[in-house]
Amino acid sequence: MLRRPRTSTAKAVNYNDMDSEMSFSVPASSDEDIEEWKPPEPKPKALTKTGRDQTAGEKKAPAKRTAKPKVPKETKPPKAPKVPKEPKPRVPRKPAAERKTQAAKVQKGSGARGLAGTKRKKSDEDDKLGEDKGEKQTDCPEVETAEESGPSIRMKEERVSFIVSEACQADKCAGEGSSLTGLKAKKEEVEEDFTFDEPCQKKQKTSGAGLGQPTALPSSLAQALRNELNMNWDLIEVLSVLTCVERWVCVNIITLLREENTVPFMVRYRKDMINHMDADAVRDVQLIYEELCSLAKKTKSVIQTLKKDGVLTDELEQDLRNCRSTDELDHVYSPYKKGSKLTKARRAKALGLEEAACALMEKPHTLDLRAWVKTGTEGLSSMEDVATGVEHILADMIAKDPETLTYVKTLCENSSVTIQSSVSKSALKEKEQDKSVQGQKKPGAQQNKNKDIDKFHLYFDFTSNIQRIQPHQTLAINRGESLKILTVKVNIPDRVKNDFTRWCINNRWRPKTFAREELNIIIKNAVEDSYKRLILPFLTRSYRNKLTSAAEKESIAMFVRNLRQRLLVCPIRGCVIMGVDPGFRHGCKLAVLSPTSQIIHTDVVYLHNSGQQREADKLRHLMIKYGCTRVVIGNGTACRETESFFADLISRRYFHPLDVSYCITSEAGASIYSVSPEAVKEMPDLDPNLRSAVSIGRRVQDPLAELVKIDPKHIGIGTYQHDVSAGALKAALDGVVQECVSFVGVDINICSETLMRHVAGLNAGRAKNIAEWREQNGPFINREQLKLVKGMGPKTFQQCAGFIRINPQTSARSSPHPGPAVPEKPAAKKAKGKTGVNIPTSFNPLDQTCIHPESYHVAQRFLSIVDGSADQIGSAALQQCVESKVRSSSVEELARTVDTTPETLKLIIDGLTQPPGFDIRQRPPVLGHLHSCCPEDDRMTLMIILTSPLAPPSGHNLSLSETLIYHQMRN
């Protein structure tokens, strides 16, 4: 109601770094170009040229790129599709002559997020519209249905404005959008060192290639999402913007998630649908999708609450439905929360001054404030009270205006906004009190408090630009602030306030007609009050929340990377291992483990007291008796002394004729695991101290199988894990554990129930049912028998089958009653109606590969083409046949021959050519190289490197050769 079309249109364009020509030249032909742009060449050319000028000449390359795939579809002369084809998909999306009056809505609700990702989305949609003209027709009605709302108009105009190549997306992202977008753009530049940029990389990898997947949201799913969310923005569009992922990929991911597909299954067996994205990128999309759904639910709850309170208006409801983040929603909803103090604006509105405020902007020449004075009424007793009330109403309107907020964010974006921390007065007071009583004995709690204060000395006088501050610095500042040791504030330059005030008074909030001097003073005071009292705190909260969110995401990402690296350490198989939990007073606990991790012997030796020779003889007896050639030492108390003891014995060849070596591994979490219910169930008759030794030994034999028994938060591989969201951290860690277990694969006949529950599609109940079926009926002979297990439906089988292995060595073991078990079970299941098909009772060689059962028929066709058989899986003869066939015919041609996708065929080729028992954790042999480049005395410590992927053991000074090898293996 208070917006002025003339001024808002120009400013909405200018402060987003776009020429004002765009708002006039683009819509100039929007009315007639729908029919006329094809025949007349010059007019569309001028339109395209103007569009190019809007982005400083960076549009030529993408125009050619996006026009090329359209030529074969439209079959136009070369001149026609070269330039005018570019605006074709945009013309039907242009509103009519309303673009001037609604230019303010271009910015509404978009904030920073709308600008950063629309560029990518634009180029992708142009490609898709060029590939299939019919798809354009299905997409346009979807847009036209929302043309009346602000966000859809913003989408249309941005598609015209940002026709940029993907190569220059990052540069444009950094300079456009609101202040929050500035943070995001900076984050994307820094994230090249981490994993957050994976979605963008995957997007650029196959951009413009739909891989045969739908490029538009199916109408049924689109309608379901709109009815479910009931928001004014398009879920797919917002998700694409926030994740930097193409729209068609977002559509497929949402579809797969709604069909209850797991991330490992999607990453391995649905690569063509997710554009070859990795697990981290898919989880990012899933997380943001869940956040948007949660935002929609919260918005619905807020609207119902406000409606119940009787304060909901149509305008307020639209403002709520336009919110795209929790911060925006809280900003709009906070004045109406129950229990909150009545705002100054609401008190003034209750006095009836809202009409006066509107008249001040619409018809100031008719406004007489003296008519609103009511003697004896609080708040209206004088002219000053009335003017103050009008100021408060105007200040509230200014602070909630989307165009105004977007402009002030843009000003902050182009300024140097800093975050500053300093020591708090209470912390200084405590330090002074501590100095005054230095001679007195302080209690332990006081000493700990002083140590906490000293930990934050780096941030006692700290200042950093918000776009350059590191994630760990943000988390450290937040922790210091929560402990009341630091005080934190965001510094926004005064130039922002001056420019913002000038713009509001002269443009956005200038009265429509002549206003007297006293009324102009009221407007000026309202603008200044709005900035100081409402907008500045809102900006501060937004920056702090944005920095905290980015820091938490990076902290969780670091935890995930470290956990994945720890879980995927190469196992040491085929040898007897002695696990040693070192100690002084209570001795060193020993556990001798068989090559299959079975406990052979446990004992305790006292290596650091008198009688060391007797203990050494005892060790030699055990080593020779059980043929133990590997010693694994935990890195806890007495680790270095125990290491020195074993190193001395090995150097003197005390265990001859055995060639013994040792390594040091992390024992983090071993003590917690030793008293856990899992450990008690697995080793009920063993002392907890000896269970720790067993866990230490198994961490080298099979790190993945052992570490999944321990809560990842207890492994000690993260930073600030207590300062981040516990729910988000748990979900991320559970996801990476599921990913690692699934991609490595499990032998269903020998794996533990704990490991089994982390396979994609399985949980604790299903894993328990599988273990019980295995105990009652013997080992599984093929994957199809999984369908006989209670709770194993078609969807669960689809998700887990590809990650479960049936090895012939373990499936052929003697079982209590292998014969009748298979026929009896199907009959019982048929009676219950669970399955109506007969389960085969023979071993299938494809069950020991990563090939999914849904692709077995394709694998058989491919084997017939290469003249091979399933019995030759992993053999050199089959590898040669496959390699020669692939060299003679490309993978794409072979995929068409066997009627499948190239991605599926590549996976089948990998499964057929990999040797039986292949493990993705296997690495090139390192020990031989280490022996050749290091002195003999250093060989015994080289295995430290194999079990310490993150850093050398604490307190261990590596020799020169060890240091060189350590850094070589890290790289």
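Start your tour by selecting R921, which sits in the loop between α46 (902–913) and α47 (927–933). Helices here are DSSP runs of H or I with at least four residues, strands are runs of E with at least two, and both are numbered from the N terminus. Before going on, note that this is a predicted model: local features need pLDDT of at least 70, side-chain atom pairs count only at pLDDT 80 or more, and totals for chains, interfaces and linings use all residues. Residues are numbered from 1 along each chain as its sequence is written, and side-chain values use heavy atoms, with hydrogens and water left out.

**Stop 1: around R921**

Is R921 buried or exposed? R921 is buried, because its relative accessible area is 4%; buried means under 20%, exposed over 50%, and partly exposed in between, with a 1.4 Å probe and protein chains only. Now show the side chains of D702 and D919. The side chain of R921 makes a polar contact of 2.8 Å with that of D702, and another of 2.8 Å with that of D919. A polar contact is a pair of N or O atoms within 3.5 Å; within protein, one must be able to donate a hydrogen and the other to accept it, and residues adjacent in sequence count only if both atoms are side-chain atoms. Leaving aside residues up to four places away in sequence, R921 also touches several others, including L567, C570, P571, R573 and V744. Contact here means heavy atoms within 4.5 Å.

**Stop 2: α43 against α46**

Next, select residues 856–865, which form helix α43, together with α46. Two packed helices are described by the angle between their axes and the distance between the axes. For α43 and α46 the angle is about 70° and the axes are 10 Å apart, so α43 is roughly perpendicular to α46. Axes are lines fitted to C-alpha atoms, for helices over the stretch in contact, and angles run from 0 to 180 degrees between N-to-C directions. Under 35 degrees counts as roughly parallel, over 145 as roughly antiparallel, 65 to 115 as roughly perpendicular and the rest as oblique. Show V858, A859, F862 and L863 of α43 with L905, I908, I909 and L912 of α46, which make the contact. By class, this contact has 8 nonpolar, no polar and no charged residues. Ala, Val, Leu, Ile, Met, Phe, Trp, Tyr, Cys and Pro count as nonpolar, Asp, Glu, Lys and Arg as charged, and the others, Gly among them, as polar.

**Stop 3: α20 against α21**

Move to α20 (residues 314–322) and α21 (residues 326–333), which pack at about 160° with their axes 9 Å apart. These two helices are therefore roughly antiparallel. L316, D319, L320 and N322 in α20 meet E328, L329 and V332 in α21. That contact has 4 nonpolar, 1 polar and 2 charged residues.

**Stop 4: backbone details**

Most residues other than glycine have a negative phi, and most peptide bonds are trans. Select C244, whose phi is positive, near 60°; C244 lies in the loop between α16 (235–243) and α17 (247–258) and is buried at 3% relative accessibility. Then try R653, with a positive phi of about 50°, in the loop between α32 and β8. R653 is exposed, with a relative accessible area of 57%. Finally, pick H656 and P657: the peptide bond from H656 to P657 is cis, with omega near 15°.
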